[in-house]
Each structure stands twice: as structure tokens, then as C-alpha cells.
Amino acid sequence: MSRVLLLNFSPHGKAARGYQLAADVLQGLPGVSALVERQLGSEPLPLVSGAYATAVTTLDRQAAAVEVSEQQIVELENSDLLVLCTPLHNFTLPAALKLWVDHVVRIQRSFGGDGAGRKVGLLRDRPTFVLVSSGGFIQGEKANQPDFLTPCLTAQLDCVGIRQVRFIYLQGSVRGDEAVRLEMVEARRLFLEGVLAVVG
Ligand SMILES: Cc1cc2nc3c(=O)[nH]c(=O)nc-3n(C[C@H](O)[C@H](O)[C@H](O)COP(=O)(O)O)c2cc1C
């Protein structure tokens with residue numbers, strides 16, 4: 001049985017297609033024992049403050065300023081399966097997702113060093129799905145713009161030890177209803193297949 005953490009970074013909240021697809025698939029699965037979801041796009045985490053930046057760089061794990069970071073990391077630690085739903089904003093992560101990353105990727109808490117200057121993840125690896133919604137195309141033959149989200153988020157998750165990451169794309173949301181419907185059908189198939197392989 002899997003405990004699932006579903007984080008949605010769309011400013012549209014529960015109206016976002018990626019979130020609706022993920023929630024719909026996950027809610028019906030017998031292999032899911034608990035589903036915790038957060039709308040971090042419509043209710044974003046606080047900006048990185050001076051107090052947080054100081055606590056991080058001075059390795060102060062007791063500071064009140066790391067409380068939000070600690071909550072996010074513990075919630076992540078308590079999951080067996082991570083699902084991130086995010087739009088593409090200006091070729092990369094939306095600010096709300098970058099904020100989550102800035103609270104979760106914390107030195108000597110979620111990553112350390114190997115003594116040779118390389119970062120080593122301290123969190124347990126777990127299957128992770130990233131549903132990316134975009135107005136245009138960033139993958140496949142129709143790709144017409146750079147995709148900095150995929151390599152950037154891959155490196156950020158890798159930094160804390162999360163390597164089983166699968167990206168699923170919901171592209172071309174500005175191309176009309178039929179194009180969106182077809183993308184949703186294919187994304188749902190890929191997501192369901194991937195999740196079933198993990199939770200049974
Ligand atoms: C601030 C902003 C920046 C965007 N930048 C891009 C972009 O660089 N490339 C793209 O294809 N779509 C871009 N879009 C469109 C969204 O990615 C698209 O509408 C997506 O389907 C929104 O998904 P959501 O409903 O899950 O938020 C942008 C939208 C916003 C609001």
C-alpha cells in the first residue's frame with residue numbers, strides 16, 4: 001500500500017487539467033492507502049526570507065525560519081509515491097514550484113556532501129511522476145521552444161536523492177479543445193500505466 005503526496009503548482013488550483021487527471025486516477029486506486037494533496041500554486045509557500053537564507057547557510061536546524069522547510073521535507077519523507085502537477089512558465093518551473101524546491105533542497109537536511117565537493121541526496125528515493133502542462137510544445141516533433149523545466153527539476157530532485165522520476169506532458173493547451181482532449185487521453189494512459197506499475 002502506498003502513501004501518495006500530490007502537489008499541484010498551477011495557479012488554477014483544482015481547475016488545472018494536470019491536477020484533475022492525477023487526482024481522478026489516484027482516488028480510485030486500491031493500492032493507495034493515503035492521499036495527501038496540497039494546492040501550492042494557488043496557495044504558495046512563503047518566499048525565501050533573510051532569516052531562512054541565514055539559517056540555511058549557517059546550518060541552523062533549530063531556527064524558527066526553517067519550520068516551513070521542515071514541514072515540506074517531513075511530508076515528502078512520509079510518502080512512497082510523489083506526484084507533481086505543474087504548468088510550464090516561461091520555459092521553466094513556475095515560481096510556486098521553485099519555492100517548494102527552495103524549501104525542500106536544504107543542505108545537511110535533504111542533501112549533504114561526499115567530501116569531494118559533490119552533493120549527495122539524503123532522502124529515500126521513491127517513484128515520482130511530474131505532469132507538465134504547457135500552452136505550446138516542448139517535446140516531440142512539434143517542439144517549438146526550449147524546455148528548461150525537465151532538466152532543472154530532474155537535477156533538483158536528484159540532489160535530494162529522488163531519481164525514479166517520470167515526466168508526462170500535457171502539451172498544446174492553446175491548440176483547441178480537440179487537441180487538449182487527445183493530449184489528456186494519452187497522458188492519462190501513461191500516468192495510469194506508470195502508477196499501476198508502482199502501487200499495483
Ligand atoms: C506566466 C505564464 C508563462 C507561461 N509560459 C509558457 C511557456 O513558456 N511555454 C508554453 O508553452 N506555455 C506557457 N504558458 C502557458 C501554460 O503553460 C499553459 O496555459 C498551461 O496549460 C497551464 O497549465 P495549468 O492550467 O496547469 O496552470 C505560460 C502561462 C503563464 C501564465
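Colleague: Is S133 buried, partly exposed or exposed?
Modeller: S133 counts as partly exposed, because its relative accessibility is 23%; buried means under 20% relative accessible area, exposed over 50%, and partly exposed in between (1.4 Å probe, protein chains only). This is a predicted model, in which local features need pLDDT of at least 70, side-chain atom pairs count only at pLDDT 80 or more, and totals for chains, interfaces and linings use all residues. Residues are numbered from 1 along each chain as its sequence is written, and side-chain values use heavy atoms, with hydrogens and water left out.

Colleague: Where does S133 sit, and what is it in contact with?
Modeller: S133 belongs to strand β6, residues 128–133 (strands are DSSP runs of E, at least two residues, and helices are runs of H or I, at least four, numbered from the N terminus). Leaving aside neighbours within four places in sequence, S133 is in contact with G18, T86, P87, L88 and L170, where contact means heavy atoms within 4.5 Å.

Colleague: And S10, buried or exposed?
Modeller: S10 counts as buried, because its relative accessibility is 6%. S10 lies in the loop between β1 (2–8) and α1 (17–27), and its contacts beyond four places in sequence are A16, G41, S42, C85 and P87.

Colleague: Turning to the rings, how are F129 and F191 arranged?
Modeller: The whole structure holds 3 aromatic pairs (ring centres of Phe, Tyr or Trp, its six-membered ring, within 6.5 Å; planes under 30 degrees apart are stacked, over 60 edge-to-face, the rest tilted). F129 and F191 have ring centres 5.4 Å apart and planes at 90°, so the pair is edge-to-face.
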